[in-house]
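Here are my notes on the model, point by point. Have it open alongside while you read.

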Protein chains: 2
Amino acid sequence: MDGVCRVIAEIITIGDELISGRVRDRNAEFVAGRLFGLGVRVRAITTVADDLARIQDALTRAVRRSDLVLVTGGLGPTEDDVTCAAAAEVGGVPLVRNEAIWLKIKGYLELRGRGESPERYEKLAVLPQGAEIIDPRGNTCGFSIIVGGVPVFLLPGVPEQTRDLMDAQVIPFLSAGLADGSVLRQRLIKTFGLDETAIQEKLAPLAADWPGVSLGYYPDFPEVHLMLTAQAKDENEAAALITRAEGDVRRVLGKVVYGREHDRLESVVGELLAARGRKLAVAESCTGGLIGHRLTGVPGSSEYVDRVLVTYSNQAKVELLGVSGETLEKHGAVSAETAVEMAAGVRERSAVDLGLAVTGIAGPDGGTDEKPVGTVFIALGDAQRTAVRRHRFMGRRHQIKILSAAHALDWLRRYFIQPGFMDS
Amino acid sequence: MDGVCRVIAEIITIGDELISGRVRDRNAEFVAGRLFGLGVRVRAITTVADDLARIQDALTRAVRRSDLVLVTGGLGPTEDDVTCAAAAEVGGVPLVRNEAIWLKIKGYLELRGRGESPERYEKLAVLPQGAEIIDPRGNTCGFSIIVGGVPVFLLPGVPEQTRDLMDAQVIPFLSAGLADGSVLRQRLIKTFGLDETAIQEKLAPLAADWPGVSLGYYPDFPEVHLMLTAQAKDENEAAALITRAEGDVRRVLGKVVYGREHDRLESVVGELLAARGRKLAVAESCTGGLIGHRLTGVPGSSEYVDRVLVTYSNQAKVELLGVSGETLEKHGAVSAETAVEMAAGVRERSAVDLGLAVTGIAGPDGGTDEKPVGTVFIALGDAQRTAVRRHRFMGRRHQIKILSAAHALDWLRRYFIQPGFMDS
């Protein structure tokens with residue numbers, strides 16, 4: 001979309017707590033997301049300490065090279081908050097007390113009735129000359145100033161206040177003021193089963209053919225998420241562009257696409273189970289409860305998850321699932337035969353429709369030449385049949401657990417949406 | 001430690017997903033925290049897109065004004081990853097293929113056995129001339145180069161890899177290489193059971209009395225971690241300072257301190273179980289497998305975890321744990337009585353030493369006036385007795401699951417280290 005978006009913005013977040021890694025910078029993430037949604041390009045996010053010289057430096061550079069600057073933090077009442085002073089300095093204007101805000105602060109302190117001296121909070125009312133107040137609902141207000149022709153929005157560092165002011169005041173102002181008549185639409189598409197490189201190879205030739213639509217890749221181990229962004233002259237055209245691009249993605253990637261936006265593998269599986277009125281029981285070994293944890297993270301999962309048995313010991317496999325001692329002895333706990341008996345056992349003994357089982361070697365020890373670390377068997381069965389698959393996963397213990405659980409959930413998904421999948 | 005530390009660092013994080021606010025910048029937070037802990041001042045954190053010109057711009061400025069630069073992201077195999085090219089450009093050196101890494105990549109792909117063409121991944125082996133490789137354990141390695149006399153560390157964008165490489169390679173290098181004759185030592189102390197403000201109130205008066213030692217607070221929900229950093233003229237003095245400060249922390253916080261460095265609640269519990277030769281069985285309900293997942297995340301846990309039963313349905317509680325139908329009817333599935341029968345049942349039926357059980361309401365639905373969302377019962381028993389505790393946790397579904405699992409693990413820990421704890 002280069003060439004279409006003309007506004008380049010820059011974000012500056014300020015705070016000793018950010019530069020020391022003590023506190024996560026939620027404002028940068030939030031403001032960047034909102035600007036991106038508006039189609040505003042962000043050139044850079046810069047984080048500096050509550051330090052006059054460094055704030056001035058960042059602000060001076062930002063107003064020189066960008067069309068719009070958003071600053072958060074350093075507007076509080078204490079001495080270490082120096083953002084206002086830096087903004088006044090860079091803007092070449094004096095700091096003056098805003099009488100409307102000063103009255104408001106005094107009124108608030110009286111209301112609170114703790115007999116506090118308002119002088120302690122006077123600094124909150126002292127702003128660069130010419131500042132336009134942004135919704136001074138709290139005691140710390142935001143404001144905007146124009147520096148060298150560039151609008152600079154200064155918002156408090158408290159994330160809730162920043163969010164409020166962004167959504168209630170800044171975004172509407174920008175949407176109106178920056179509009180070139182075009183609109184933006186986004187859609188997040190989630191995939192499992194192919195790595196980023198493979199997906200890119202499949203999609204790159206198509207994406208070249210989507211005018212007005214950009215495609216972003218967001219790996220989220222072990223998944224890959226795709227963001228489609230369409231820019232068009234009106235809502236209908238943007239929606240049509242997104243729909244066409246999503247159609248291409250789904251046609252090329254097929255069942256690798258599992259959902260959109262806030263979907264997760266376990267929520268998609270949960271919806272399939274609920275819609276078909278099926279109940280599930282799970283027997284885990286190497287995943288140690290991770291499949292259960294994911295499934296039960298979905299509100300309402302008690303409707304379709306009957307039980308999850310983490311049968312870590314052989315004895316538990318025999319007692320709780322009815323795996324035969326002979327199978328364990330002959331083929332081992334990590335084997336196709338054991339996985340099948342686990343899936344069938346947990347299903348029959350729970351009297352549910354579907355049984356899912358995982359057994360494998362997560363490492364770091366326990367591997368052999370024949371069954372190295374990462375060897376995992378996943379079995380899935382209903383009343384008709386139980387199928388099993390052997391996997392070889394790479395990585396460390398926790399990665400092998402994550403891969404095993406994701407593949408197990410995905411297989412369950414495909415059981416529902418891909419007829420004959422168990423035979424493949 | 002002002003005045004002692006002369007090193008000024010700068011952090012650059014790279015990624016379209018960061019500049020668009022799609023993904024939280026965990027690397028900036030982590031790297032800043034580690035540098036702060038070392039006493040290195042961070043001048044600025046700059047985030048830019050995967051864009052050659054903008055990376056070059058940020059890097060050029062950073063090497064001019066800072067003594068040390070840490071860069072994360074943009075080292076992947078796809079075309080949009082251009083950090084290497086930008087670093088080579090700014091450093092004025094060509095990009096060359098590193099044969100050792102190239103061999104490693106080819107070996108890995110062969111091992112994976114999917115018949116993938118290695119050319120697709122060749123880019124991972126192409127680095128600026130003169131790059132020093134940093135621990136290339138994964139396929140995406142980190143490296144360092146010297147630009148204009150300033151060391152620049154480039155780390156992959158995957159947070160896990162960044163953490164590994166920072167802690168295993170970069171921090172030790174910096175600790176050694178930045179010496180002004182003094183040495184730095186750090187110790188991470190992990191706590192569970194008090195919030196940050198409460199800990200700060202207890203420790204602040206003591207910390208004021210530690211010359212040469214700084215104390216950092218790192219909340220890691222639901223835990224609080226403390227980083228002690230000592231700077232002294234030699235190893236012995238630094239070690240003595242750290243030991244004294246840690247002694248103070250432990251004396252004031254007592255059993256709230258559960259470990260150090262890479263310890264986790266589940267690994268500490270695992271060591272206690274293994275050392276005493278005890279075996280554990282767990283019955284989960286609202287935590288849905290999370291306790292099992294955490295316990296089995298520890299290598300060797302199969303030695304002491306016999307089984308974990310996620311008895312989501314009442315029927316499963318009756319069949320698998322022997323909870324009586326009368327108890328369920330009279331007191332409900334979320335009750336002290338049910339929790340006790342779950343813990344006793346899973347222990348007796350598994351013939352192990354200890355039984356741990358959790359039952360509660362994770363929400364968002366299912367709460368009542370008497371038992372609101374967040375009501376959780378945790379029971380723990382051995383052959384002598386079974387004790388139960390009622391909790392009321394605040395938060396959303398996943399937070400309640402996390403709090404429940406952490407409290408259950410911590411109770412198990414205290415069972416071993418705090419005689420008579422079950423009676424309290």
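1. A:Asp220 stands opposite A:Glu223 in β11(A). The strands involved, β10(A) and β11 (residues 223-232) of chain A, run antiparallel and are joined by eight bridges.

2. Some housekeeping before going on. This is a predicted model, in which local features need pLDDT of at least 70 and side-chain atom pairs count only at pLDDT 80 or more, while totals for chains, interfaces and linings use all residues. Residues are numbered from 1 along each chain as its sequence is written, and chains are lettered from A and ligands numbered from 1 in the order in which they are written.

3. In chain A, four strands form an open sheet with the order β10-β11-β9-β12 and antiparallel pairing. The edges are held by β10 (213-220) and β12 (257-260) of chain A, each with a single partner strand, so one side of each has no neighbour in the sheet. Direction ignored, neighbouring strands of this sheet are turned by 25 degrees against each other on average; the axes here are lines fitted to C-alpha atoms, for helices over the stretch in contact, and angles run from 0 to 180 degrees between N-to-C directions.

4. What packs against those strands? The buried residues of α8(A) pack against β9 (183-192), α7 (196-207), β10, β11 and β12 of chain A. Contact here asks for C-beta atoms, placed from the backbone, within 7 Å. Helix α8 (residues 235-253) of chain A has 19 residues and spans 27 Å from its first C-alpha to its last, close to the 27 Å expected at 1.5 Å a residue (the expected span is 1.5 Å times one less than the number of residues).

5. Which residues of α8(A) are buried? They are A:Ala238, A:Leu241, A:Ile242, A:Ala245, A:Val249 and A:Leu253. These residues cover an arc of only 95 degrees around the axis, which puts them on the same side of α8(A); the arc is that of the directions from the helix axis to the C-beta atoms. A:Asn236, A:Gly247 and A:Arg251 are exposed on the other side of α8(A). The burial cut-offs: 20 or more other C-beta atoms within 10 Å of a residue's own make it buried, 12 or fewer exposed, anything in between partly exposed, with C-beta atoms placed from the backbone. Just after α8(A), A:Gly254 takes a positive phi of about 60 degrees.

6. Elsewhere in chain A, have a look at A:Asn27, which sits in helix α2 (residues 26-38) of chain A. A:Asn27 is buried, with 28 other C-beta atoms within 10 Å. Not counting residues up to four places away in sequence, A:Asn27 touches A:Thr13, A:Thr72, A:Gly157, A:Pro159 and A:Thr162. With A:Thr13, 14 residues apart along the chain, the C-alpha separation is 7.4 Å.

7. Over to chain B. Strand β9 (residues 183-192) of chain B pairs in the antiparallel sense with strand β11 (residues 223-232) of chain B over 10 bridges, and B:Thr191 has B:Val224 as its bridge partner in β11(B). β9(B) also pairs antiparallel with strand β12 (residues 257-260) of chain B, over three bridges, where B:Ile189 stands opposite B:Arg260.

8. Some backbone spots to check in chain B. B:Glu261, in the loop between β12 and α9 (265-275) of chain B, has a positive phi of about 50 degrees although it is not a glycine. B:Glu261 is exposed, with 11 other C-beta atoms within 10 Å. Phi of B:Ala351 is near 55 degrees, again positive in a residue other than glycine. A cis peptide bond joins B:Gly363 and B:Pro364, with omega about 5 degrees.

9. Last, the interface. The contact takes 56 residues from chain A and 57 residues from chain B. Strand β2 (residues 41-48) of chain A pairs in the antiparallel sense with strand β2 (residues 41-48) of chain B over five bridges, and A:Ile45 stands opposite B:Thr47.

Conventions
Pairing = 2+ DSSP bridges. Helix = DSSP H or I, 4+ residues; strand = E, 2+ residues; numbered from the N terminus. Contact = placed C-beta atoms within 7 Å.
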